[in-house]
Amino acid sequence: MERAYNFNAGPTALPVDVLKKAQAELVNFQNTGMSVMELSHRSKEYEAVHNKAQSLLRELLQIPDNYEVLLLQGGASTQFTMIPMNFLSDGQQGNYVLTGSWSEKALKEGKLLGATTIGASSKESGYTFIPAPNDITINDNDAYLHITSNNTIYGTQWQEFPSFGDTNVIADMSSDILSRPLPVNNFSMIYAGAQKNLGPSGVTVVILRKDLMEKTPENVPTMLRYDTHAGKNSLYNTPPTFGIYMLANVLEWVKEQGGTSGIEARNIEKANMIYDVIDESNGFYKGHAEKNSRSLMNITFNLPSEELNQEFLAKAKEKGFVGLNGHRSVGGCRASTYNAVTPEACEALRQFMIEFKNQK
Ligand SMILES: *Cc1c(COP(=O)(O)O)cnc(C)c1O
């Protein structure tokens, strides 16, 4: 069977070589006579997988030694809660930059746990852009500044990451982590659910500057404290072992693609195939995001009418394209071109978009 042209927003495509490796090792992992899923999480074989995932993350993202690399559960959504629980103290506020639905969800959890403020927002415009750093209000009593590096639903992405002085910048990078090189030092914390660029769902990667953990109040429950997991190398309780094994294999694949700069070049090439069609279509395809805020990971666009959107999506489905519907909250079309989506899939979509337009 052929592989589908998978443009799902998440979970989404994994590299086929990674899937084949998992298949080959499934029943008997490294002569253990069992699969990774059946190993004890305290065994040396599993421990090697666990440490490999962490050390490859460190290597690929050039994470400095004063940061922890944690492998947690509960998805990025649980981080929305853990961040204010651990870092927001009395007299301080969580500062949120609103650039889409996921930022709103992060803010909602912050509000449940303490004081919050909105440093900047592009909501009025329908989240079509990323606010300029100079337009973001920073306050002395901000416990942290929370940003969403890539807005999965609206198709906008921070083009670069300024440093905000001493402010603790925390970034939800669920939909673009490892898609490009990253100045980790500009952040106090980075987190991501794995299911877009890193592997299957079930693992959440947290990169955390160690000194931040000193802020956690005594009464935060054990499982929801970063220091619990950091103190036990993310083995305080049973980790999602198979997901972490897949993560390690995906990271190895990224390394083979030339690391984050190799993957970035590939991502730019892929996204431009589709953005070029949009830009050269004389307004037939209209991008949702402003050009200077466009995402390399989620390409959002509309056709001239809702009827044409539906016809386009129906024809695309017939041709074997999966996942091109826009998010239910914004409609239209969205092509998610995460790391593992192949240039061939993007080329096929490019051609389909040109043909569809030419028939109209
Ligand atoms: C998908 C996504 C989430 C939600 O992740 P879960 O792991 O499902 O909780 C959060 N933030 C962003 C930016 C996302 O793309």
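Residues are numbered from 1 along each chain as its sequence is written, and side-chain values use heavy atoms, with hydrogens and water left out. Because the model is predicted, local features need pLDDT of at least 70 and side-chain atom pairs count only at pLDDT 80 or more, whereas totals for chains, interfaces and linings use all residues.

Helices (H or I, at least four residues) and strands (E, at least two) are DSSP runs numbered from the N terminus, and two strands are taken to pair if DSSP finds at least two bridges between them. An open sheet of 7 strands shows mixed pairing and the order 2-10-9-8-5-3-4. Strand 2 (67-72) and strand 4 (115-121) stand at its edges with a single partner strand each, so one side of each is left without a neighbour in the sheet. From one strand to the next, the twist averages 20°; axes are lines fitted to C-alpha atoms, for helices over the stretch in contact, and angles run from 0 to 180 degrees between N-to-C directions. Strand 8 (residues 169-172) pairs in the parallel sense with strand 9 (residues 189-193) over 3 bridges, and D172 has Y191 of strand 9 as its bridge partner. Helix 3 (residues 75-87) packs on this sheet, touching strand 2, strand 3 (93-98), strand 5 (142-148), strand 8, strand 9 and strand 10 (204-209), and its direction makes about 155° with that of strand 9. Helix 4 (residues 101-113) also packs on the sheet, where it touches strand 3, strand 4, strand 5 and strand 8, its direction making about 165° with that of strand 3. Contact here means heavy atoms within 4.5 Å.

Strand 8 also pairs with strand 5 in the parallel sense, over 4 bridges, and D172 of strand 8 is the bridge partner of T148. In a regular strand the side chains alternate between the two faces of the sheet. In strand 8, V169 and A171 point one way while I170 and D172 point the other way, and all are buried, where buried means under 20% relative accessible area, exposed over 50% and partly exposed in between (1.4 Å probe, protein chains only).

In helix 1 (residues 16-25), the buried residues are V18, A22 and E25. These residues cover an arc of only 75° around the axis, which puts them on the same side of helix 1; the arc is that of the directions from the helix axis to the C-beta atoms. The exposed residues D17, K20, Q23 and A24 lie on the face of helix 1 turned away from its buried side, and helix 6 (241-256) is included in what covers the buried residues.

A nonpolar core is a set of buried Ala, Val, Leu, Ile, Met, Phe, Trp, Tyr and Cys residues joined through side-chain atoms within 4.5 Å. The largest such core has 52 residues, and those with the most contacts inside it are L57, L61, I147, F187, L198, I207 and L247. Two or more residues are given to this core by each of helix 1, helix 2 (44-61), strand 2, strand 5, strand 8, strand 9, strand 10 and helix 6, with helix 6 giving the most, at 9 residues. When neighbours within four places in sequence are left aside, L57 is in contact with Q62, I63, V69, L71, V205, L247 and L251. A second, separate core of 34 residues includes A9, F284, Y338 and A345.

An open sheet of 3 strands has antiparallel pairing and the order 11-12-14, with strand 11 (286-287) and strand 14 (333-336) as the edge strands, each pairing on one side only. Strand 11 and strand 12 (residues 298-302) run antiparallel and are joined by 2 bridges; the bridge partner of K286 in strand 12 is N302. Helix 7 (residues 259-279) lies across strand 11 and strand 12, running at about 15° to strand 12. In the loop between strand 14 and helix 9 (343-358) is N339, which counts as buried at 1% relative accessibility. Not counting residues up to four places away in sequence, N339 touches I177, L178, S179, N197, W253, I263, R266, N267, K270 and M297.

A search of the whole structure finds 0 disulfides, a disulfide being a pair of cysteine sulfur atoms within 2.5 Å. C333 is in no disulfide, and the nearest cysteine sulfur, that of C346, is 15 Å away. C333 counts as buried at 1% relative accessibility, and C346 counts as buried at 0%.
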